[in-house]
Each structure stands twice: as structure tokens, then as C-alpha cells.
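Work through the exercises below with the sequence and the model side by side, and try each task before reading its solution.

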Amino acid sequence: MSIETPTLPIEQETNPWMAQAARFDIAARKLNLDEGLWKVLRYPNREITVHIPVQLDNGKLEIFTGYRVQHSIARGPAKGGIRYSPDVTLDEVRALASWMTWKCAVVNIPFGGAKGGVICDPKKMSRSELERMTRRYTAELFEFIGPEKDVPAPDMNTNEQTMAWIMDTYSMHMRQTVTAVVTGKPENMGGSKGRREATGRGVWVVTDEALKRFNLQRESTRVIVQGFGNVGSNAARLMHSAGYKIIGIDEYDGGLYNKNGIDINALVEHRAKTGSVTGFKGAEAVGAHELLIADCDVLIPAATENVITTRNADKIKARILIEGANGPTTAVADDILADKNIFVVPDILANAGGVTTSYFEWVQDRQGYFWQESVVNQQLDHIMRSSFDAVVSYAQQHSVNNRIAAYMVAIDRVQAVIRQRGIYA
Ligand code: NAD
């Protein structure tokens, strides 16, 4: 297997695996990474595909395809979410698994990286169909997951309930309750205080740090957030409470804009009541995705991947881009953002608050001792601020952008462990 050069053909721009590999290659080359280690780290360690039979409510059997990719277990058990979506592909899951390895290493927590996905449309499935699918997916992965092996968590379209079903199914097979097999569980069954909002909280903390670099005050900072799900709504809510002006919210079915700032608590209530952000009275309705290129200081894509591409990157007006989602910017668009001098806080740093608090949850489950919320938030705050400093200082010292700096810091930490352990080849 030879090492390819990091030129990414434009038609592959939105393939997240190619985007991940392109950044990895740039960082590995700058690190002068040993060729053997380069090959080891570039490819996932293990890729599992399962075809799951599920009995639908109408009595018929349907087969769903699911994946679990474990990119690395060098620094500890593999860690990463599970997403349910009609668009899931193996390449996407591979990319997300690799990002988890780098993310855990950037914030220096003792995990490797993994990700899972099931191709399904959860909006068209009943709760009991989702439960049966989740349980069978868990049973198929039984020997590959576990507190010391691979610890799943929620991601797009999965939540605390999904984690409770996984924990229960795994525990039934083990004949004992094993809380540490997943994180992001409900609090009354071993979940951590603060986990639900942790990714959004981390996004807020790194935004605060970025503001300091520009001498900006929260009150005069105009923010646009894409995606009002777990990450986007919690980031928006916490930042709104801290004084930021959230002037735009972009969702898949439409956007909201108010130059004086949107009342985020009222919007959370509206969304809970109606299931959508549309129809909210406290802001003007705008077309979906117009807001990505609207005038603002901070843009937070917190929905999905590939929303900042060669098609719109040159039109972005924000000074600071905080990647709440995984892979929102394509590798080709990175250069355009760099030419525009946009300060990017890359996904593997910006959204690492979730996995950091998942680490706290795993620690608490294994100790059987649960922390106060203030302790969780304080520890999270400390890790996010120090990781931000480490990445941004590294970027300055080595004259690279923040994204490549984050990859370099992470790859260096992972390769150091592999070197010490030695390769069983
Ligand atoms: P979620 O399902 O709770 O929310 C996603 C939101 O984005 C939904 O409201 C959805 O309607 C909206 N959306 C989807 N596609 C859109 C589009 N094209 N344009 C505008 N809006 C769109 O998911 P989440 O957990 O908030 O995750 C969002 C992103 O953050 C994903 O990339 C995920 O991998 C990443 N992430 C999540 C966590 C976590 O703890 N939940 C941690 C790290 C990274």
C-alpha cells in the first residue's frame, strides 16, 4: 500500500473520508511521520458491517444496514457516537471514526476513535421499530463493544433513549448491569450531569477564547448558528445567556433572522411545542441556508457535514468559524477560508466538549461515584480552554492553520503511544 499525495479531486470534495485523509496527509507530512506509522494511522483498524432484520409494526420484516468502524484503540477503548440517517455511508462512518481518534487526542483523554451508523429514516419509523432496530444492532455488535473495548454515544438522530436501549440489551447479554458500555445515557441510569449540553458548552467556551484573540466583547458579537439540535440549541442557549447576540438560526426547513438578537429561550419553547423553528414570531423568516453567508462575527455550523464548500466559502462574511458539527467544511474549502483570513476553530477541537464529558461519564460509571454538575462543568471548561491554547499556540509556532495544528497535535500524541507500545506486525 503506498501513501497517496493529498490532492483531492474536486468531484470528491464532499466525500468526508477523502476530506479527513487529505488533512491527515498534510499534517503527517509536516510532522515528518514515519512511513509505517503513516499507513497504520491513515486507515481504520476495524470495520464491521451488519444487516439487521427488524420486524416492522405492520408485521413485515425489513433489513437495515449498519456499520461500526473502530479507527484506533492505541490510547484506550474506541469511543464515538452512533447516527441514524438515510444518508449514512461507510466512508462517512470511517471519516467520523478517524475524527474521533484525533478529537480524543486533541483534548488528551484516554480513548481511541470509533463511529457507528445505521441507514434508516428515523422520522418514518415508530418508537417500537427504532427500539427493535437498536437492540438488534447492539446484539450484532455485542462482542465488539464494551467499557474496555468500544463505548458508543449519541449522534445525529440518536439520543438518551437510544443509549438506554443499548445499555439494556448489552446488560441482558452480560447478565449484569453494565452502565459504562455507553455514554450519553439518562442521568438515572449512570448518565453524567452536564452531558446533554456538554458539546454546546464546549462550543461556547472555545468561542469565548477566540473572542479574546480579536478583542471582541460578547455583547457586541453577532452569532449565526446552523442546526438547532443538541449541539446548536445548547450552544445558542448558553451563549445567549452569556450575553452574545444570536442573530440567526438556520435549520433544514428554513432560517430565522433578527438583527437585534433572537430570544433563544423562547425559540427553544417554540421548537418544543411545534417541532420546528419555523413560524417563530420573534424573528424574520429567511430561506434555508441563506444565513451561512450573512453578515456576522461568528458562524457556528452545528448541523451536518459539507455545508461550507467551494460553492459558498468565498461568500462567508464571518471573522470566526466555530465548527460545532463534524466535517462542516470540505478540505478544498479550507484554502478559501485561509485566504480570507477567517479564524477557524476546527471540529476536532470545537465540538470535543461532548466526548470530554462522555469521558467523565465513563469514569463516574466505573467508579460508581457521581459528580456534582459544577464539577463536571469546571473540568470541561478547563480541558476546552487548555486544548484551545495548545492548538492555537502550536499553529502560531509552526505557521500552520488551526485545523492542521489540531491534527498535528493529535497525530503526534497517538503515534508516540504506538511507538512506545510497538507494532504487533
Ligand atoms: P441533532 O440531530 O440533535 O441536531 C441536528 C440539527 O440540525 C437538527 O435540528 C436538524 O434539523 C438540523 N439539520 C440537519 N441537517 C441540516 C442542514 N443541512 N441544514 C440546516 N439544519 C440541518 O444532532 P446533534 O447531536 O446536534 O449533532 C449535530 C452535529 O454535531 C453533527 O455533525 C454531529 O456529528 C456533531 N456532534 C454532535 C455531538 C453531540 O454531543 N451531540 C458531539 C460532537 C459532534
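**Exercise 1.** How many salt bridges does the structure hold?

*Solution.* This is a predicted model, in which local features need pLDDT of at least 70 and side-chain atom pairs count only at pLDDT 80 or more, while totals for chains, interfaces and linings use all residues. Residues are numbered from 1 along each chain as its sequence is written, and side-chain values use heavy atoms, with hydrogens and water left out. A salt bridge is a side-chain nitrogen of Lys or Arg within 4 Å of a carboxyl oxygen of Asp or Glu, and the structure holds 33 of them. One of these salt bridges joins the side chains of E47 and R94, at 2.6 Å from N to O. Because E47 lies in strand 1 (residues 46-55) and R94 in helix 3, this pair ties together parts that are 47 residues apart in sequence; helices (H or I, at least four residues) and strands (E, at least two) are DSSP runs, numbered from the N terminus.

**Exercise 2.** Describe how the two domains meet.

*Solution.* Begin with the bounds, which come from an automatic or database domain assignment: domain 1 covers 44-180 and domain 2 covers 198-350. Their C-alpha centres lie 28 Å apart. Next, count the contacts (heavy atoms within 4.5 Å): 11 residues of domain 1 touch 9 residues of domain 2. The two domains bury about 780 Å² between them, 58% of it on carbon and sulfur atoms, where buried area is the accessible area (1.4 Å probe) that two parts lose on being put together, summed over both. Of the area that domain 1 buries against domain 2, W99, K103 and V106 supply 52%, more than any other three residues. Finally, look for charge pairs: the rule finds 1 salt bridge across this interface. On the side of domain 1 that touches domain 2, helix 3 (residues 90-106) gives the most, with 6 residues.
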